Amino acid sequence: MNPARTAVDHFFTVPLDHSAPGGATLQVFAREVVDPGRAGERLPWLLYLQGGPGGKSPRPSAGSPGWLDEALKTHRVLLLDQRGTGRSTPVTARAAARCADPARLAAYLGHFRADAIVADAELIRRRLCGDEPWETLGQSYGGFLTLTYLSRAPEGLKACYVTGGLPGLTATADDVYARTYPRVRDRVRDFYARYPQDATRLRRIADLLAATDVRLPDGDRLTVRRLRTLGLVLGMGDGFERIHWLLDEALDAEGELTDTFLHQVMAVTGFTDNPLFAVLQETLYGQGAGPTGWAAARALTGFAEFAEKADPLLLTGEMIYPWMFRDIAGLRPFADAADLLAARTDWPPLYDLDRLAANQVPLAAIVYHDDMYVDAGLSLATACQVGAARVWVTNEWEHDGVTASGGRVLERLKAMAAGRA
């Protein structure tokens, strides 16, 4: 832990189902971080809502995350491991494998969406702050959580900051992926424009995988479709370089794939640390308007340029496909439950449009003009539907701008919410 920060660990017992508080429970972990010179002061709280779904909150270390030092100038920060992640009661492949009933597992996983996370946050706020509202910083999926929070419990909020995460309030999974594929296509083309040799390398690797049974260190077969999922990282500020240097060591002198490359591909595409990202990805858009039905897979058929035999080969992005739950060891125990979640039609709504329109809690959001993950058009439409919302549109950063900018993004959002910018 950075000596310039003081940390206190908190554990909270919460209901699995907040509508049935007498039933099963979970543990939720949160780390309180404060400037040690101000630890004894009565500071306002800032709750950090991590991106994902399925991502744990960042672990403070020297120089990371970039926004934390800015926050600690004025706030006591709570880094929440959302239910199912990190040190909270985890959702893991091992735990899923112990559940022999897919319907029971699917019902359990249905309690890990934004509505439940917001209910956890309100329970935690009341225990830490009493009746005092707090502020929130929502990164990516954390912005989705913020809009659910404003819909369900605005009395708990003093101000909200959102970075790259204003969702389309009524957008279906089909709407989202129809917009996502063109953005990913353009992002991959930009990558190849920066590193033309990598287009040749990827096509060569794909041809090798199509002709040969190549195994990853965990025994999974590396297929062309799994190779393409490396594109998930391209929307981050360092995404181009991460893929480029991975490919730089992909092939040995004999033209075979190196152990280094295979290990790195397994780690990047295996979902070992965050299976909920894959399991819940499309449920984010389920609001009772029919099943999500593996929308990303259905949308893919409408984009011929994404064919596996196309040259150049296009990587995919933040899309989850049903084949992943059969091909990837870390997701295999969730396969039947994931199919049931994709078929579910009774998802409760996550956003209250009337309450959001009447919102009076200051909401300051940055929208990244070229965001690969969250559609800027949907984000701007949402901003027009939410009261007290102020938006800053920029192409200076990618999706991880709140970290990459140091404290500049958060500093400006705080000023916007206070009416100073």
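**Helix H18 and beyond**

A: Helix H1 (68-72), strands E5 (134-139), E6 (157-163), E7 (363-368) and E8 (389-394), and helix H17 are among the elements that cover the buried residues of H18; covering here means contact, with heavy atoms within 4.5 Å. The model is predicted, so to speak of local features we ask for pLDDT of at least 70, and side-chain atom pairs count only at pLDDT 80 or more, while totals for chains, interfaces and linings use all residues. Numbering starts from 1 along each chain as its sequence is written, and side-chain values use heavy atoms, leaving out hydrogens and water.

H18 spans residues 408-417, and its buried residues are Val 409, Leu 410, Leu 413, Lys 414, Ala 415 and Met 416. Buried means under 20% relative accessible area (1.4 Å probe, protein chains only). Helices (H or I, at least four residues) and strands (E, at least two) are DSSP runs, numbered from the N terminus. After H18 comes Gly 419, with a positive phi near 80 degrees.

A pocket is an open set of points on a 1 Å grid over the protein atoms alone, where a 1.4 Å probe fits, with protein on both sides within 12 Å along at least five of seven lines; lining residues have an atom within 4 Å of a point.

Asp 17, Gly 110, His 111, Asp 115 and Pro 348 are the closest to its centre, out of 14 lining residues.

Finally, a look towards the start of the chain. Phe 12 sits in strand E1 (residues 6-15), and counts as buried because its relative accessibility is 5%. Setting aside residues up to four places away in sequence, Phe 12 touches Leu 26, Gln 27, Val 28, Ala 30, Ile 124, Arg 127 and Leu 128. Between the C-alpha atoms of Phe 12 and Ala 418, which are 406 residues apart along the chain, the separation is 32 Å.

How values were computed:
Buried means under 20% relative accessible area, exposed over 50%, partly exposed in between (1.4 Å probe, protein chains only).
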